[in-house]
Structures are given as C-alpha cells and as structure tokens.
Amino acid sequence: PRRSLYWRVRRRRSAGMRTVYIFLFFICICLQQQLLAASELDDSALDEDFSGGDEDYPPDGDYPSEYDDEATPPPQPASEPITSLEELDAFIDNEDCSVIGAFASEDGDEYAEFEAAIQSLQYEWRFAHTTAPEVLTKLKVSKSALFLYRSPRYVSEKYGDRKRDRFPSSKISGSALKSWLQTRAQPLVGQFTPSTKERYFAKKLPVVIVFFNLNWEGDAKGANYFLNRVRKVATSMSGKLSFAIAAIGDFEAQLGDFGLEASDLRHDVRIGLVHKEGDEEVYYGSDATKFSAEALSGFASAFLANELSPSSRRDTSAPAEDDDGVDESAVTTLTNDNFDQVVRDPTKDVLVEFYAPWCGHCKSLKPEYAKAAKALKGEKSLVLAKMDATAHDPPAGFDVQGYPTLLFVPAKADASPVPYEGEREADAIVEWIKENALSLR
C-alpha cells in the first residue's frame, strides 16, 4: 500500500511538471517571435538609412571623411592656451624657441591681430597665448605684449644670450612678425634643423654646423660639452659666421652634400658649413674626424680665408622632385620675392594655388593642376602658379583660410583676386580660366 501511494504521488508530480514545461515552452516561442519581429524592424530601418532612405547619405562606398584612414585630420589651434605659471614654464622648456602672446582679454583687437598674424606661421613656430592674471603678472603685462623666448637649453647668459625679447610694435602683421622672429630666434649657438634652416639663412651669414649624437633626454651633459666649445669659437667670429649644432641622425641622408661620411652615428662627430648665395645653397665639409675647438676654429678660419672648395651646390629655385612623379614644369613656383612680379603683371591672367606640403587635398589636386598648366602652356598670357603658404606669407588681399586655396588674378592693373570655386579637375580648370581670362578677349 505504501508503494502504491508512492507511485500515485509521483505520477501526479510528473504530470504537474509536464504542465509547467509546456507552459514555459509556449512562453519561449512567444519571446522568440517578438525578437524576430524586432530584428526585422531594425534591419528594415538600417536598410532605409544606408541604402537610400536618407537622401543626404552618400552612395555605397562613399563614406564620410571621418571614416577614411587617409582623411585630413581636423586642424589644430594655431596657438596653445596657457592658464597657469606651470603651463608657461612647461611650454618654454623646449628645444625650440617659444612665441607667447599676453592679452588682457581675447575679445580685444590685439588678440584678433595676433590670431590673424600667426595663421601662416603656425607650422614653423611654436605659439601660445595667455589671459591668465597670474601669468600676466609674471610677464609684467597690463594690456598686451608679444614675447620671444629662446630655448633655455641653448641660452647662455655667459656668452651674451638673452632669454627673451619683446616684439617692438603694438601692431602685429604676419610679415613683420616673421621677419622679426627669423633674425632673433636663434641664440649664439642653437640647433640646426630643417625648420630652423631658414632662420639661419635670414641672418645672411654662412652657418658652421657640428653634427653629433645630440640627445638632450639621454645625454644632456654631452650636449653641453659640445655647446660650450662651439660657443667659444662662435664668440671669436661673431658677425662673420653663424654657428649651430645638429643631430647627426637627422641629417644622415644630407651629409653627402657636405662631402661628409659617418659610419657610427652614436660616436662620430662631423663639421660642415652651408651658405646661401642667391638661389644656391653651397656646402663645405671638414676633413677632421675628431672634434676639438681647434679643429672647428681652423675650419671656419679656412673658409673665411677662401681656402676651401665647395663639396656641392644646390639650386633652390628649381621645384623639388617628388616621389609621385608629377611633372610640374608648367607650374610657376612663387615666393615672397617673385610674387608681385608674376601675379601683379597686368598683361597676364594668373591662377594661384596656396597649398601646404602636408595637405591631403593639395596632393590630390596636384596632378590635375599640373595637367591644366600643361594644357595652357601655349597661351603666354595665362599662368598657373603655386605658393607654399607654410613657407611664405600670402600677401595682403589674398585671403587664405584653408588648403588648397585657389585665387584668380585677372590681367589688369590693381586687380583683386577672385576665388576659383569650380571643379578641381584639369578640364574644368582650363575651361574656367579661358572663360574668365581678360587677356584672351
């Protein structure tokens, strides 16, 4: 009887569990159907978004530039804000010089002038600005001022270097600021780099360079060892030659221009000299393989006595060769020296491209622009020109807000530049110029 009771109870429990299982099964089916319905709705919404439902969305494969690995990055501010004394010290503590604007407010005309002046200079110089009261007090500024701080790593008050200079005018323009910085930025002995090269040439003096394993982070003592010996020689030849040191690893590919070789970049020290003569850069090299102040002085003295022969010459007026193979022989290269002569010629219609070497859009335009120039080469009154706006100041009246900027100057006296806003393809450029060229009418 007990066994029979046991099985009766067990059968009832089994029947009850089957009912529960069936109930849960139906619940799962209902949930699955709801999930499938939601999934189909999401898929249809996605299809609508990405395949034509949104008329503003680009066609397949033409995605916004923020998803393109090669898209041009967003522009960085031309000037870094400084809000404390700690930030001021950190900004100045650099291998390069620092240019700092101090203003009572960012709303005034002085700050607006500063912002406009540095736009074309921001890739060659380090700019910062401040309106912080404690920083203004430290700089002893009540209204506005612009300061040049030379790199503390290269300044030597013992040899007459000044830590900072103040811009001498209350009015700031890009051309005046660049000229002032170029002639004053470098101390008695500074660092020669691709970006400081033009600063040395602006002094109109030949530059004697000592190449070695320059490493401030790992061997500041070694850097100062060379600096002090170069300073002694530089002091004795002040006004005749400029002197600099350089990281030999940064110039490994250019040592041949000086007639120099280095097999051990960690230990080799080499001495060279470069002089800008018109459009030519003239290079000289020293035979000395061991550095000393005497070897440096002897090499510099031999140059001044015209006892050295150049190792090589380089014509800087010729367009630099690029690896992309684009033939730009029909495109006129502009600098601040020849701009007015070419662009302001009232007998010629001139299209000018203001570009930046790093700009992706400029690189895309390059072959089309060169092709257009070649197509118009037979028209003597039509000129397609280009200007590196990071190396040269766009003249007043040429509003360069981004890269590339294309401005057309018609063939007439005192003509104002007209923006070219057409397609950036060779055929479109040629057609637009022919339609708007006054010299062809």
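Colleague: What share of the 441 residues in the protein is buried?

Modeller: This is a predicted model. A residue is taken as buried when its relative accessible area is under 20%. Of the 441 residues in the protein, the buried share is 39%.

Colleague: How many helices and strands are there in the protein?

Modeller: Helices and strands are both DSSP runs. The protein has 16 strands, and its helices number 11.

Colleague: How many aromatic pairs does the protein have?

Modeller: Rings pair if their centres lie within 6.5 Å. By this rule the count of aromatic pairs is 22.

Colleague: Why is the pair of Phe192 and Tyr200 tilted?

Modeller: A pair of aromatic rings is described by the distance of the centres and the angle of the planes. Planes under 30 degrees apart count as stacked and over 60 as edge-to-face, with the rest tilted. The centres of Phe192 and Tyr200 are 5.7 Å apart, and the pair is tilted because the planes stand at 40°.

Colleague: Are Phe192 and Tyr200 buried or exposed?

Modeller: Both residues belong to one aromatic cluster, along with Phe211, Phe251, Phe258 and Tyr283. As for accessibility, Phe192 and Tyr200 are each buried.

Colleague: Which ring lies under the charged end of Arg126?

Modeller: A charge sits over a ring if, among other conditions, CZ of Arg is within 6 Å of the ring centre. For Arg126 the distance is 4.1 Å, and the ring is that of Phe91.

Colleague: Which residue has Arg199 over its face?

Modeller: Arg199 is placed 3.9 Å from the ring centre. The ring belongs to Trp125.

Technical notes:
Residues are numbered from 1 along each chain as its sequence is written. This is a predicted model: local features need pLDDT of at least 70, side-chain atom pairs count only at pLDDT 80 or more; totals for chains, interfaces and linings use all residues. Side-chain values use heavy atoms; hydrogens and water are left out. Rings of Phe, Tyr and Trp (its six-membered ring) pair if their centres lie within 6.5 Å; planes under 30 degrees apart count as stacked, over 60 as edge-to-face and the rest as tilted. Buried means under 20% relative accessible area, exposed over 50%, partly exposed in between (1.4 Å probe, protein chains only). A charge sits over a ring if NZ of Lys or CZ of Arg is within 6 Å of the ring centre and within 35 degrees of the ring normal. Helices (H or I, at least four residues) and strands (E, at least two) are DSSP runs, numbered from the N terminus.
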